[in-house]
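Subject: Structure handover, aromatic contacts

Hello,

Please read them alongside the coordinates.

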Amino acid sequence: MNNKRVLAAVVLALISASSWAKSTLTLYTSQPNDDAQMTVSAFEKAHPDIEVKWIRDGTSKLIARLQAELAAGSAAPDVLLIADSVTMESLKKQNLLAAYKSPEAARFDPQLFDKEGYYYGTKVITTGIAYHTKAPLKPTSWLDLLKPEVKNMTTLPSPLYSGAAQIHQATLMNDPALGWQYYEKLKQNGAMPQSGNGAVMSAIASGSKAYGVLVDYLAIREKAKGAPVEFLFPKEGVSVVTEPVAMMKGTKNPQGAKEFIDFVLSDAGQKLVLQQGYLPADATLPVPKGFPPRDSIKLMPFDAAKALAETEANKKRFADLFGNR
């Protein structure tokens, strides 16, 4: 009898332990380390039954790792939170993502997510014009970078290295008032590419260049730290990187993946974006310190599928014009 009671107690203990056991969710993200830790910690606090194992790297390196893992038949992540919608569109075309219609997306501009539910933008990172406080001209338009008085004073990130620059190029290429001829005129006016946004920021802050095409938060953060830089959202509009989230097809934890997507799109998740210093995808929330009113920021139209189809051709045109910089 005693043995039976002991056995029953063990079984009950095992059942109790299993009911409280945490499920595991694997996340691949390109967020900066501090932002990624904040996101994961906030999600785990809201969902104490889920433990997130996360790997952080640049989007291109994460995708290369993912493709290698899939080719080898090894474990893949459950959720992706990466830089851009063009990469997500590529994964969607490869049938690697699972669709999920998040109820949280109802508050968002349809431009910020895939209409079939394969991926959702979580924030709005725009590309505009940064300039040194001692620059000779205060710009208001993309066309100001073509004026003779700023000849040889402009730099820009290269789409050969930067995902945001790729999206910026694709966006401008589809604007009839700008288009490819805008890049040709930039070249004629002495604009010089840098590798990425960080290098553009350094060139402006040091005074080696007076103007630069740059992502918003980088200029606004550095200005807050005392850098001699201003940021301008041009009147024609700005291109947008949305840092989308998606669930992998074949995830071992579909419920956890859905809960993670819902969380980053929820009011709590979007307030976290604001706390991190980015413009939330949820337009009902305020803007971060240093940003102008949201209604003064015009987002230029963008077609991720079209941009994906034209990526290699756009890169080649840029390389032919500016060289492999």
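Y217 and Y278 are both buried (buried means under 20% relative accessible area, exposed over 50%, partly exposed in between, with a 1.4 Å probe and protein chains only). This is a predicted model, in which local features need pLDDT of at least 70 and side-chain atom pairs count only at pLDDT 80 or more, while totals for chains, interfaces and linings use all residues. Residues are numbered from 1 along each chain as its sequence is written, and side-chain values use heavy atoms, with hydrogens and water left out.

Aromatic pairs

Rings of Phe, Tyr and Trp (its six-membered ring) pair if their centres lie within 6.5 Å; planes under 30 degrees apart are stacked, over 60 edge-to-face, and the rest tilted. The count under this rule is 11 aromatic pairs. Among them, Y217 and Y278 are edge-to-face, at 5.0 Å centre to centre and 65 degrees between the planes. Y217 lies in helix α8 (residues 216–224) and Y278 in the loop between α10 (267–275) and β13 (279–280), so the pair ties together parts 61 residues apart in sequence (helices, H or I of at least four residues, and strands, E of at least two, are DSSP runs numbered from the N terminus).

The F233 and F291 ring centres are 6.2 Å apart with planes at 45 degrees, so this pair is tilted. F233 is buried at 12% relative accessibility, and F291 is buried at 10%.

W180, Y182, Y183, F318 and F322 make up one aromatic cluster.

Charges over Y278

The charged end of K123 sits over the Y278 ring, 4.0 Å from its centre, and that of R221 also sits over the Y278 ring, at 4.8 Å (NZ of Lys or CZ of Arg within 6 Å of the ring centre and within 35 degrees of the ring normal).

Regards
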